[in-house]
Amino acid sequence: MTRSFSNLPLTGVKVVDFGQYIAGPAVAMLLGDLGATVVHIDPPAGAMWDSPANATLNRNKVIVNLDLKSDDGLEKALALCAEADIVIENFRPGKLAKLGIDFAAMRQDRPELITLSIPGFASNDEQRRELRAFESIVSATSGVFTDMGLNRVLMGLNPSFSPLPLSSAYASQIAASSVVLALQSRQVTGLGDQIEVPLAAAVMEGLCYNSIKINDMPARYLTQREIEIERRRIEGLPMNVSYEDLQELLDPFFRSYMCKDGRMFYVVCPSHKHHARRCLEVLNLYDEFVEEGLTEEDDTYKPYAEWSSDTSLGVYPMPKEWADRIAARMKEVFITRTSHEWKKLFGRSGIPGAPQRWLQEWIHDEYAETSGLMIDVWDPVYGDMTQPGPVVWMEESGEEALRPEPRRWIEFDEALKILKKLRTEIPEPSEDTAQEAWLSGVKVLDLCNVIAGPHSASYLSRFGAEVIKLDPSKPLYDSWNTVVYGMSQMRGKRSILADIKAEHGRKVFEDIVKSVDVIVWNAPDTQIKRVGLDAERLRKLNPNALFCKLDCFSGVQRGTRTDYIGYDDLVQAITGIMLRFGGAMDTPEEHAHVGTIDVMCGFGGALAVATALYQKHRFGRIGRGRTSLAANSGLLQIPYCYDYRGRGLFDEPSGPEANGHDDLSRFYSTASGVYVLLSAYESDLPRFRNVEGMEDLPDVPAEERAAYLATAFQTFPATEWVERLRAADIGVAICDNIDALRAENSRIADGTSGVENGSFSFSIYPDHPSGHEITQLDPYAVRTVRGKVCSVSPAEKFGASTRVILKELGYADQAIETMLKSGDLSVSWSDEYLPS
């Protein structure tokens with residue numbers, strides 16, 4: 001399965017994939033979609049996870065069945081590894097080494113080799129490293145199920161189950177980006193690396209916007225739901241809010257509305273200077289509310305006490321009185337048109353909004369098909385299939401990625417022959433070219449907003465990249481979306497404020513573009529062209545600059561919705577995630593984690609940057625990397641996101657009452673009142689013979705297992721059951737919560753990245769630039785042997801580096817003061833870092 005004359009960026013890269021389940025195979029799939037040649041190794045009996053999703057995870061791969069416990073199988077596996085550039089595994093720490101496939105020993109013989117391990121818990125986590133770390137066990141241990149958002153807290157649903165493989169999805173993007181960053185570094189140094197990305201650390205990074213703690217957060221940022229939670233806690237009231245009552249606590253510009261066709265339409269435009277106004281204008285409500293006194297504060301970054309009224313259109317959250325009035329009228333208008341009509345009206349008017357759809361509808365959506373977000377692939381087992389398209393691609397070669405090779409089973413000799421045909425030229429290692437970190441010396445310009453794009457650039461900074469964040473001299477988003485989110489996505493960056501549409505700002509912008517290696521922006525093509533960053537005009541400004549783009553709806557090919565703007569929440573709506581979480585068309589519910597898809601897309605953006613850098617070093621091609629929120633939704637729903645003739649119902653777990661996948665993998669309440677998450681398979685039933693109090697489970701009819709287990713779990717406290725089940729090597733975990741994990745694993749910031757601290761690591765910044773004490777997750781999911789992982793600096797105030805950057809560009813002090821006086825550039829949006 002070599003791709004002759006391919007323009008794909010990873011052409012010639014050889015991968016041996018020992019991965020099982022999702023994370024390992026998904027990394028190799030991402031690499032294969034980008035052109036790598038992949039040999040996947042399965043046990044003699046086949047994949048450990050028997051799912052149609054394997055047809056997607058193993059596309060562009062040849063599959064060899066080997067028994068690694070036999071001398072012959074081990075010898076063949078080592079022969080394949082000896083030809084590889086990259087070797088991937090996702091077992092418990094040390095398991096593969098015990099079988100004779102020792103990554104450290106391999107790299108001693110071949111220092112150019114890149115190895116990747118994706119264990120459930122970190123190899124330096126003595127407490128958890130030996131646990132049977134299935135997807136749901138990692139999620140339960142990492143606080144995923146006890147931090148499913150304000151809605152679930154108010155409804156009294158805690159813990160709350162999600163069937164989405166968050167840990168594997170985040171880990172696969174982080175791991176794939178780290179592997180390709182190591183690959184591009186190898187083109188400079190001639191040296192590979194040994195990488196570990198624990199699932200637990202990866203999912204914590206995915207939830208970093210949930211786990212941050214900001215002491216003394218100003219009251220203006222508290223939502224109606226947070227106020228209601230606090231009220232009920234103070235008054236000792238139960239958390240039993242109904243779904244219907246809960247909707248009345250939501251912001252009017254951040255919720256779903258019923259339409260004429262019985263479909264819900266999701267609106268997400270609460271925090272932009274223009275989006276909320278455009279929304280009311282399309283609904284013909286703007287003039288009405290202006291007459292009633294609704295205002296638009298000119299400067300929402302001054303203290304709330306200095307505002308001319310109690311709210312401002314385009315600021316989140318709105319006071320309850322205004323929120324109720326606006327929502328009531330919006331309900332009346334939305335019911336007058338179909339969701340399809342509203343989709344076009346909103347999309348064409350530049351307003352973020354989208355209809356709620358089921359996953360099955362998304363898989364067969366006309367736009368998804370024409371854009372390449374869903375593709376047709378013939379599979380030898382399931383025949384004609386519809387699968388998610390490429391998640392990350394290069395603009396110039398993406399069309400080729402739409403035609404993946406189906407998985408194919410072959411014998412060892414053929415697999416070895418395929419690998420031996422390929423030769424990758426890399427430089428001889430030299431002390432003169434050694435790098436401290438993978439991206440040492442690489443300069444990045446970040447033009448992004450909100451989460452996905454800015455997060456991708458922040459992630460690059462931990463590997464040594466120098467990142468400049470450029471924002472408008474006057475903000476378009478409210479301080480919730482800039483400053484609060486910026487506490488996380490501004491880390492490791494310097495900030496400059498410039499109006500690139502004005503004379504002085506444009507000149508500075510072009511000077512920065514000329515000085516950097518990579519430009520990252522999350523904007524539609526139309527906006528990119530307007531500012532002159534399309535391929536042709538960027539080539540004139542800086543012919544060597546790489547441009548990487550993230551947006552909401554893009555696929556490889558253009559379609560009717562390519563230039564529609566949007567956010568994470570809208571992709572959740574159109575791809576079925578909200579309906580899966582809520583359970584029905586009239587009860588859609590946002591998958592609660594802040595940036596559920598956003599953060600993963602940010603890691604995908606980093607993979608696009610890494611791929612573009614590798615392609616430049618390897619082939620001398622200047623490319624444009626791409627990814628989108630919609631493309632990443634396929635990876636997030638990989639266990640369910642496919643169709644083929646004869647597939648049964650799309651009946652995977654959904655709705656607030658879902659408590660697991662089946663009777664052997666779900667929540668159970670124990671005698672202590674604490675929930676545990678049991679994670680077992682049919683093949684695990686014999687293990688229960690060794691569990692005191694559950695010895696008879698293998699003899700219980702399948703339809704009676706839930707009752708048997710529910711009764712048994714009530715006989716002892718959670719800690720006792722965890723001890724007994726783990727002793728029998730059965731997956732089980734107490735549902736931990738993020739607040740507890742943060743409290744147990746925090747230290748005063750010490751200038752280290754946290755990679756030495758096991759599966760969980762937080763830093764406390766008592767003297768954070770914001771003036772607030774901040775506790776936040778460390779940049780610790782990627783652990784390396786050779787390349788340095790840097791501790792990133794705390795987020796500075798927006799505009800704090802404007803003067804310094806201008807001086808570095810060669811501007812004299814007098815010229816700088818003139819530009820600042822003109823208003824084209826600025827050193828700050830507000831007197832306070834976090835406006836009160």
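User: Thanks! Let me start with a detail: which residue in S17 does leucine 470 stand opposite?
Analyst: Leucine 470 stands opposite isoleucine 496 in S17. Keep in mind as we go that this is a predicted model.

User: Got it. How do S16 and S17 run, parallel or antiparallel?
Analyst: They run parallel: strand S16 (residues 466–471) is joined to strand S17 (residues 493–498) by five bridges.

User: And what sheet are they in, in what order?
Analyst: It is an open sheet of eight strands, ordered S13-S20-S19-S18-S15-S16-S17-S30, and the pairing is mixed. At the edges are strand S13 (392–394) and strand S30 (825–826), each of which pairs on one side only.

User: Which strands of that sheet does helix H29 touch?
Analyst: Helix H29 (residues 629–636) packs on the sheet and touches S13, strand S19 (546–551) and strand S20 (624–628). The direction of H29 makes about 60° with that of S20.

User: Nice. Switching topic: what about strand S9, how many of its residues are buried?
Analyst: Five of the five residues of S9 (residues 264–268) are buried, so the strand is largely enclosed by the rest of the structure.

User: Which way do those side chains point from S9?
Analyst: Met264, Tyr266 and Val268 point one way, while Phe265 and Val267 point the other way; all are buried.

User: Okay, and what does S9 pair with, starting with S8?
Analyst: Strand S8 (residues 254–258) and S9 run antiparallel and are joined by five bridges. Within that pairing, phenylalanine 254 has valine 268 in S9 as its bridge partner. S8 and S9 form a hairpin with five residues between them, and glycine 262 in the turn has a positive phi of about 80°.

User: What about S10, how many bridges there?
Analyst: Three bridges, with S9 and strand S10 (residues 353–355) paired in the antiparallel sense. Here valine 267 has glycine 353 in S10 as its bridge partner.

User: Last topic, helices! At what angle do H1 and H8 pack?
Analyst: Helix H1 (residues 23–33) and helix H8 (residues 166–189) pack at about 50°, with their axes 8 Å apart. That angle makes H1 oblique to H8. The crossing of H1 past H8 is right-handed.

User: Which residues meet there?
Analyst: From H1 there are Ala23, Ala26, Val27, Leu30 and Leu31, and the residues they meet in H8 include Ser168, Ser172, Ala176 and Val180. By class, the contact has nine nonpolar, three polar and no charged residues.

Terms used. Residues numbered from 1 in each chain as written. Predicted model: local features only at pLDDT ≥ 70, side-chain atom pairs only at ≥ 80, totals over all residues. Heavy atoms only, no water. Buried < 20%, exposed > 50% of the residue type's maximum accessible area, 1.4 Å probe, protein only. Helix = DSSP H or I, 4+ residues; strand = E, 2+ residues; numbered from the N terminus. Pairing = 2+ DSSP bridges. Axes fitted to C-alpha atoms, helices over the stretch in contact; angles between N-to-C directions. Parallel < 35°, antiparallel > 145°, perpendicular 65-115°, else oblique. Left-handed = near helix turned anticlockwise from the far one by under 90°. Contact = heavy atoms within 4.5 Å. Nonpolar A, V, L, I, M, F, W, Y, C, P; charged D, E, K, R; others polar.
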